Amino acid sequence: MKKIIAFTGSNNPASINEKLIKYIIKEFPNSRIEFIDLKKYTLPIYSQEVELKGIPNQAKELFQRFTSAEGFILASPEHNGLPSAFLKNTIDWLSRIDQRFFGDKPILLLSTSPGATGGSTHLEILANLVQRWGGQLTGRFSLGSFQRNFDEDSKSLTNSKEEYVLKNIVESFLRNQPVSE
């Protein structure tokens, strides 16, 4: 793939999911992965009434950036077993421009959390929905116990098993080959 957009569904300035994305970018420097910080796209909370005033320009700009990509990596935090409200709001706006805003392109879903499951519960939900949004799911990965498995100083995974699994999933994604789960 020539251009991959990576983003996180977190609006936390110290997002561990963003750290996971940036680790991947560091480990695959020649793979043309571009990080997009969704926090820079100020979108009002979606409602039909707000939409009557028009689609926000920042949603249109983000949609245009998505159309230029050949694939996506999404690292999403889990909030009470669900995707974050921040991510949901972004999806709501993008889907108002085009329900299939991922444009039938491959997507890799990631999550990490301080807890043991790494946010895997909500990845199941996202995995079931990405096809509705035009994403072709190629794989998913959850890194549990982030603080124990990630070194903040070196910005690297410290668990060699998890590192091996993640790198294989990313490599398969970059070759546009689905990973069997």
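User: What makes the pair formed by the backbone oxygen of Pro44 and a side-chain polar atom of Asn89 a polar contact?

Analyst: Their distance is 3.1 Å. A polar contact is a pair of N or O atoms within 3.5 Å; within protein, one must be able to donate a hydrogen and the other to accept it, and residues adjacent in sequence count only if both atoms are side-chain atoms. The 3.1 Å value is inside that limit, so the pair gets the label. Keep in mind that this is a predicted model, where local features need pLDDT of at least 70, side-chain atom pairs count only at pLDDT 80 or more, and totals for chains, interfaces and linings use all residues. Residues are numbered from 1 along each chain as its sequence is written, and side-chain values use heavy atoms, leaving out hydrogens and water.

User: Where does Asn89 sit, and is this residue buried or exposed?

Analyst: Asn89 is in helix H4. Helices (H or I, at least four residues) and strands (E, at least two) are DSSP runs, numbered from the N terminus. Asn89 has 10% relative accessibility. Buried means under 20% relative accessible area, exposed over 50%, and partly exposed in between (1.4 Å probe, protein chains only). Therefore Asn89 counts as buried. Leaving aside neighbours within four places in sequence, Asn89 is in contact (heavy atoms within 4.5 Å) with Leu43, Pro44, Ile45 and Tyr46.

User: Which label does Ser84 get, buried or exposed, and why?

Analyst: Buried, because the relative accessible area of Ser84 is 0%. You'll find Ser84 in the loop between S5 and H4. A polar atom of the Ser84 side chain lies 2.4 Å from the backbone oxygen of Gly9. Beyond four places in sequence, Ser84 touches Gly9, Pro77 and His79.

User: And Asn80: buried or exposed?

Analyst: Asn80 has 80% relative accessibility, so it counts as exposed. This residue is in the loop between S4 and S5.

User: Which residues of H7 are buried, and why say they line one face?

Analyst: Leu166, Ile169, Val170, Ser172 and Phe173 are the buried ones. Seen down the axis of H7, they fall within an arc of 160 degrees, so they line one face. The arc is that of the directions from the helix axis to the C-beta atoms. Over on the other side, Ser160, Lys161 and Tyr164 are exposed. The buried residues pack against several elements, including strand S1 (4-8), helix H1 (16-27) and strand S3 (71-75).

User: What caps the N-terminal end of H7?

Analyst: Asn159 does, with a side-chain oxygen 3.0 Å from the backbone nitrogen of Lys161.

User: Why can you speak of one side of H3?

Analyst: In H3, Ala59, Leu62, Phe63 and Phe66 are buried. They cover an arc of only 100 degrees around the axis, which puts them on the same side of H3. An α-helix has 3.6 residues a turn, so residues three or four places apart point the same way. The buried residues of H3 pack against S1, S3, H4 and S6, while the face turned away carries the exposed Asn57 and Gln64.

User: How do you know what radius of gyration a compact globule would have?

Analyst: The radius is taken over C-alpha atoms, and the globule rule is 2.2 Å times the number of residues to the power 0.38. With 181 residues that comes out near 16 Å; the protein chain has 16 Å, which agrees. Buried residues make up 48% of the chain's 181 residues.
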